[in-house]
Amino acid sequence: LGVEIEHLPVHDADDTAVSYYEPNGIEAFLKRLAPYYDESKEYWENGHLVGLAREGVAVSLEPGGQVEASIGVLHEPGDLNGLYADFRCEADPILEELGFRFVNYGYQPKSSFVDVPVNPKGRYDAMTDFLGRVGQFGPCMMRCSASTQVSIDYVDENKMRVGTAIGPILAWFFRNTPYFEGRLNPYPLLRQRMWDYLDFQRTNVTPGLFDQRFGWEDYARDVLSTPLMFADLTHTPEAVESGLSRKELHRAAFRENAGEVYPDRELNAYEINHIISTHFNDVRLKNFIEFRHWDSLPIERVERLTEIIASLGLETGGSRACFESAGKIAVLYCIHKKLPQRRGRYTALLRNGGLRGDSPEERKRRKSANADFRLSVSHSDTQHSLASGSLDFLGDAGGNLLVVIRLHGEGSTALGLGTQVR
């Protein structure tokens with residue numbers, strides 16, 4: 001596992017956003033924090049310090065000065081707390097001296113995007129220009145939003161499918177954005193809405209992901225055919241040797257895709273990472289799979305979120321079992337009511353019916369990802385019909401059970417989220 005937690009810096013005096021350039025701002029914070037990190041891993045751009053790193057922790061900046069702590073690699077979810085505590089023990093005294101603090105919300109509590117300048121990274125000027133033209137929320141997302149992201153290893157495409165399907169459901173349970181543009185937030189899932197309406201070429205669900213013929217070649221074709229938005233040629237030997245200036249090596253590429261910017265050869269790792277970084281799908285492929293649905297969260301809730309992700313079977317092959325038995329997810333169901341408990345059996349209610357399967361304790365003893373069930377559908381107050389099916393347990397999600405349901409003989413499937421009744 002890997003975890004990234006973005007923090008909103010706000011002034012102690014009035015909760016407004018702290019900028020990079022102001023006296024005692026983000027630049028001053030990074031310079032005071034630097035002695036705790038590896039000097040050889042400092043990242044500078046345009047003469048300004050914008051990143052720090054050491055084993056287990058990296059500190060970087062988002063466009064509006066949001067401070068991101070990247071924690072990992074974690075072998076167990078419990079490893080997160082110690083590494084994050086070290087980061088905060090070093091950072092918090094500096095923040096107190098500078099007169100500001102970190103807030104874990106999905107959006108700045110007081111400031112508007114127009115009040116927050118972007119930090120010195122060259123790509124952010126190009127992103128501001130581009131994303132400010134093509135969608136509704138580009139400047140808002142860049143300057144004022146903050147997220148929690150969880151990354152896992154992968155062996156095939158199925159983890160992307162399962163992660164894309166469950167991400168919005170978990171986002172609802174972990175929503176943490178009380179404010180938007182200085183007012184109460186009117187959107188139930190603000191982060192999802194911002195990304196959905198940002199730029200249809202590079203956000204939302206990966207095109208074709210739920211087609212069983214989808215493969216990594218399809219993902220690569222989508223990424224490579226999309227305009228880059230910003231070109232980074234600093235690690236492209238042909239460009240460097242041609243004598244291009246620093247400004248020419250870092251430039252806007254609003255209409256050019258990767259095939260038009262980079263040489264016709266096998267791309268190196270830096271070039272590949274840059275190209276992928278210009279895509280913002282709900283679930284993104286890098287050297288790992290990155291889930292990007294969630295608001296910035298306090299560490300206690302981040303711990304719970306990572307426990308849920310680890311329990312979903314995504315890192316153990318459970319997602320393959322899910323999709324081999326269920327085909328593709330055609331409909332997303334979210335259980336919203338409870339039925340009485342029935343002697344050691346798990347009981348919950350879908351939108352229009354109840355399902356019965358094994359309890360979590362029985363499932364752990366059986367150590368199986370699958371169970372048969374019978375679905376009781378209520379057509380009226382007095383009429384019920386029964387249908388048999390199979391059920392794949394993906395894991396425990398915040399005290400709920402996350403399952404994939406398949407009805408025998410009907411070919412219909414659904415993703416279900418149920419609450420155990422005690």
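A: By class, the largest cavity has a lining of two nonpolar, three polar and three charged residues. Ala, Val, Leu, Ile, Met, Phe, Trp, Tyr, Cys and Pro count as nonpolar, Asp, Glu, Lys and Arg as charged, and the others, Gly among them, as polar. The model is predicted: local features need pLDDT of at least 70 and side-chain atom pairs pLDDT 80 or more, while totals for chains, interfaces and linings use all residues. Residues are numbered from 1 along each chain as its sequence is written, and side-chain values use heavy atoms, without hydrogens and water.

Q: How many cavities of 30 Å³ or more are there?

A: Rolling a probe the size of a water molecule over the atoms shows where empty space is left. A cavity is a set of points, on a 1 Å grid over the protein atoms alone, where a 1.4 Å probe fits but cannot get out; lining residues have an atom within 4 Å of a point. Points are joined across faces, edges and corners, and a volume is the space filled by probe spheres set on them. Here the count is two.

Q: Which residues line the largest cavity?

A: They are Arg 191, Gln 192, Trp 195, Phe 280, Asn 281, Asp 282, Arg 292 and His 293. The space is about 50 Å³. The largest share, three residues, comes from α6; helices (H or I, at least four residues) and strands (E, at least two) are DSSP runs, numbered from the N terminus.

Q: What is the volume of the second largest cavity?

A: The second largest cavity has about 40 Å³. β15 gives the largest share of its lining, three residues.

Conventions: On a 1 Å grid over the protein atoms alone, a cavity is a set of points where a 1.4 Å probe fits but cannot get out, and a pocket is an open set with protein on both sides within 12 Å along at least five of seven lines; lining residues have an atom within 4 Å of a point.
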